[in-house]
Every structure is written in structure tokens, then in C-alpha cells.
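Visitor: Hi! Could you walk me through a couple of spots in this one?
Guide: Happy to. Let's have a look at it together.
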Amino acid sequence: MYIIKQLRRKKNISQSDLATEIGVSLRTIQLYERKEANIPIKNLTKIAEYFEKSIAELYLHEVNDLEGSYVQRQPFTKHGSVFYPLEHGKYLIMSPLVLMEQQGKYIENAAVTDFRKNAFQAGFILDFLDEEAHMAFEITGDSMNDNSIDAIPNKAIVLGLRLNMDLLAKGEGMVFNKPYVLVCKDRIICKWVTGFSSEKNTIYCQNLNKSPEYQDFELPLKDILQVFKVIKKQV
């Protein structure tokens, strides 16, 4: 993010100084200051705290610098996510993020709460608003990594739009041949869903990675607590 370079210069510190404060290498900071850099949410949180800003403020500064003037509008909260209106009808969403280490805790509370008090958030730019809740997830494993444009590799961050489970039980509300995050009773997985069996009441889950260790399978709806359609990703 170019804003990191601006804040660093304003604070009059070198890249080496910032690297020491964040606990990363000089090379890492050099990469982070490039426009195309992908910054892990944990390190982005440390950077935001060091400069006494929120992650949302970092994103807003970045949008301002890259896309022209930013018209200040009142942010609002919906289903636990904070939305910042941008120009041209777009929105910056700061959504609760479930990290790998928090998956067990999220599953325990999935039926009771939306995990809205999560300490971490992930930011994405949306072209329009949806009525359902959003949630971001850190992906575990490479079962969805086939090195294609659709790939979702290990440690990628995806933004999911929650689907209505009542509709899913009727075989409705899901577009097939798309990636979904499935919050099951014992794990959280990301799979390519290819179909629904009304007779078995199952969905067909496919791995993009065709290595023998990754097998496609059917998943009973009774074992699923929540379903999120993947609408954005950060890799």
C-alpha cells in the first residue's frame, strides 16, 4: 500500500525502522509499499496500530490516493460489518475475519452469534450492497489451489455472503459451479459446489486441486451450520 510509505515518511522513519517495529524483514516492508502487494491481516493490524490508525483508515487513504478525491460520507454498520460509502456507488466493507486459529471458536458460537466481536477485520471494495451478512475467512490448505484464475490458495482471505439455510434445504438459493465457504459441525472448508441432491439432501463438493490427496465428496446438509458464497478474495 502506497499509504504506508506516506505515513512512514511523515513519521520520519526508514523502511528498516518500520520493519523492526512490525517484526518483519526490510524486504517485506519494501514489498508492502508496492501497489500490488498482498499484506497478511496480522501484519496489516500491526502496521495500523503503529501509525495509530484503524485498518479502515488505511484502506480509505489508499482509495483516495489511487482513485481520486474521496467524498466523505457517513459510515454505517450492517450485520456486524462496517460500510464506508465511496464514490461511483462503491463501498469499502470492513468485515469480521475468522482466522485459521479461530475456526474452532467460531464453530462453537455459529448457532448463537455472528462472531461480531472479532478482534480482526478484513477490507474489501464492493460494487453494491447485499441484504445478507458478510464474513471473511482465512482459508486452510491447498485443495482449492489449481494455479488458475479461480484458485484460492492456502492462507488466502475470502469474503463470503451468508446464504439462507431454509432455502438451501429446498435446493434453492445456491448458484452451482462457484466457490463457497461451508461452516460444518467439525470444520470450516472452502469448496467448489457443483450440485444438490434432493433425494439424499446433500451438496456435491469439488476440489479445484486435482492431486490424488484431494477427493471430491458429497456433504449432508444436516452437517452444515452456515454457508457463505465467496464474492471476493485476497491472495
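Guide: Let's begin with a helix pair: H2 and H4 cross in a right-handed way. Keep in mind that this is a predicted model.
Visitor: Nice. At what angle do H2 and H4 pack, and how far apart are their axes?
Guide: The angle is about 115°, and the axes lie 10 Å apart. H2 covers residues 15–22, and H4 covers residues 41–50. That angle makes H2 roughly perpendicular to H4, because 65 to 115 degrees counts as roughly perpendicular.
Visitor: Which residues in H2 and H4 meet?
Guide: From H2 there are Leu18, Glu21 and Ile22. On the H4 side, they meet Asn43, Lys46, Ile47 and Tyr50.
Visitor: And how do the residues of that contact divide into nonpolar, polar and charged?
Guide: Four are nonpolar, one is polar and two are charged.
Visitor: Switching topic: what volume does the second largest pocket have?
Guide: Its volume is about 220 Å³.
Visitor: Which elements give two or more residues to its lining?
Guide: Those are strand E7 (178–184) and strand E11 (224–234).
Visitor: Which one gives the most?
Guide: E11 does, with four residues.
Visitor: How many of the lining residues are nonpolar, polar and charged?
Guide: By class, six are nonpolar, one is polar and five are charged. Among the lining residues are Asp150 and Lys178, along with Trp192.
Visitor: Great, thanks!

How values were computed:
Residues numbered from 1 in each chain as written. Predicted model: local features only at pLDDT ≥ 70, side-chain atom pairs only at ≥ 80, totals over all residues. Heavy atoms only, no water. Axes fitted to C-alpha atoms, helices over the stretch in contact; angles between N-to-C directions. Parallel < 35°, antiparallel > 145°, perpendicular 65-115°, else oblique. Left-handed = near helix turned anticlockwise from the far one by under 90°. Contact = heavy atoms within 4.5 Å. Nonpolar A, V, L, I, M, F, W, Y, C, P; charged D, E, K, R; others polar. 1 Å grid on protein atoms, 1.4 Å probe; cavity = no way out; pocket = protein on both sides within 12 Å on 5 of 7 lines; lining within 4 Å. Points joined across faces, edges and corners; volume = space filled by probe spheres on them.
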